[in-house]
Amino acid sequence: MNLKVTHICEHVNKINWHIGRTAGIYKNCFNVITEGNELVTFFKKTDRFSTRALLTDFCSNMTSLPLSDGMRVTRFEKCILAGNVVFDMTCPETISVKRGKIPHGADEDIEKNIGILKKTLEIYGRKSPVFEDKILSKKVKYGFELLKENPLSGFSALIGLGAGLTPSCDDIISGISAYFYLNGIGERFNGILAKYLYENGDFATTAVSKNLLTDVANGYINSSLYNLICAVANDEKSIEKCALDMIDYGSTSGTETCYGVILGYILSSKKELKEWL
């Protein structure tokens with residue numbers, strides 16, 4: 001089977017890799033972890049993709065491809081071979097996912113918009129083990145108390161906490177990190193986060209989560225999260241739509257990332273943490 005890579009995220013194009021293994025095959029995409037523990041994700045043609053994306057001209061269900069977990073993936077100069085599937089890499093278009101700082105409205109408007117986001121999550125948000133599991137919830141509360149005092153201690157307690165390819169606390173931290181970055185604050189926070197992941201990420205969390213969280217800390221932010229934070233800053237009417245788009249990510253990842261955006265606002269405005277945390 002021959003498919004064509006039509007687009008590739010800018011920084012993914014710079015990764016120097018030759019051998020990898022498939023690590024998760026889903027309806028819309030499949031992951032590859034390279035020999036250097038870098039994440040590359042092949043997406044079928046879509047407008048929703050991660051910051052580690054290669055987009056193909058495939059429009060069906062990715063699980064119908066003759067692939068299985070752990071399968072060898074080899075990169076050549078002009079193509080990528082995954083099992084018996086050949087991805088033509090002759091001339092993909094480069095996608096920029098590096099974001100700039102966003103303008104934002106008055107503080108009282110942002111506070112109101114955060115309230116709209118909270119209400120949307122109360123109605124439509126998916127149940128997260130962070131709040132449903134008493135033991136995990138206790139660890140999370142303790143970790144975020146540490147985070148307020150010292151980001152490095154907080155990261156040590158929180159990153160990798162939870163289940164899934166992107167553990168729950170990683171998703172929350174992703175929302176905080178993106179909110180800080182796009183609003184031009186928290187430079188020290190994101191710097192410490194990126195350094196912690198570089199030094200500890202390979203054993204502190206999953207390879208997928210380490211890569212995606214590192215991207216956010218460095219300003220590579222997917223369109224759904226970017227659009228949500230822009231709506232909170234400037235566009236009250238779009239908040240619910242953007243939140244629903246974010247909630248639709250993964251099982252609970254999108255909901256947890258939304259909570260992270262709210263927490264980013266709370267931390268940056270120096271307000272007390274809410275009961276939901």
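**Pockets, a cavity and packing in a predicted model**

Helix α7 gives the most to the lining of the largest pocket, with 5 residues. The structure is a predicted model, in which local features need pLDDT of at least 70, side-chain atom pairs count only at pLDDT 80 or more, and totals for chains, interfaces and linings use all residues. Residues are numbered from 1 along each chain as its sequence is written, and side-chain values use heavy atoms, with hydrogens and water left out. Helices (H or I, at least four residues) and strands (E, at least two) are DSSP runs, numbered from the N terminus.

The largest pocket has a volume of about 1,000 Å³. Its lining has 41 residues, and T166, L212, Y249, G250 and S253 are the closest to its centre. A pocket is an open set of points on a 1 Å grid over the protein atoms alone, with protein on both sides within 12 Å along at least five of seven lines; a cavity is a set where a 1.4 Å probe fits but cannot get out; lining residues have an atom within 4 Å of a point. Grid points are joined across faces, edges and corners, and a volume is the space filled by probe spheres set on the points. At least two lining residues of the largest pocket come from each of β3 (29–34), β4 (39–43), α5 (168–182), α7 (207–217) and α10 (253–268). By class, this lining holds 17 nonpolar, 18 polar and 6 charged residues. Ala, Val, Leu, Ile, Met, Phe, Trp, Tyr, Cys and Pro count as nonpolar, Asp, Glu, Lys and Arg as charged, and the others, Gly among them, as polar.

The second largest pocket has a volume of about 150 Å³. H104, D107, I110, Y179, N183, I185, Y265, S268 and S269 form its lining. Two or more of these residues come from α1 (107–124), and likewise from α10. The lining has 4 nonpolar, 4 polar and 1 charged residues.

The search of the whole structure found 1 cavity of 30 Å³ or more. The largest cavity has a volume of about 30 Å³. I8, V12, W17, V40, L54, R75, I80 and M89 line the largest cavity. Of these, 7 are nonpolar, none is polar and 1 is charged.

Helix α10 also packs against α9 (residues 239–247), at an angle of about 130 degrees and with the axes 7 Å apart. Axes are lines fitted to C-alpha atoms, for helices over the stretch in contact, and angles run from 0 to 180 degrees between N-to-C directions. The two helices, α9 and α10, are therefore oblique to each other (under 35 degrees is roughly parallel, over 145 roughly antiparallel, 65 to 115 roughly perpendicular, the rest oblique). A243, M246 and I247 in α9 meet G254, T255, T257 and C258 in α10, where contact means heavy atoms within 4.5 Å. This contact has 4 nonpolar, 3 polar and no charged residues.

N37 is not a glycine, yet has a positive phi of about 65 degrees.
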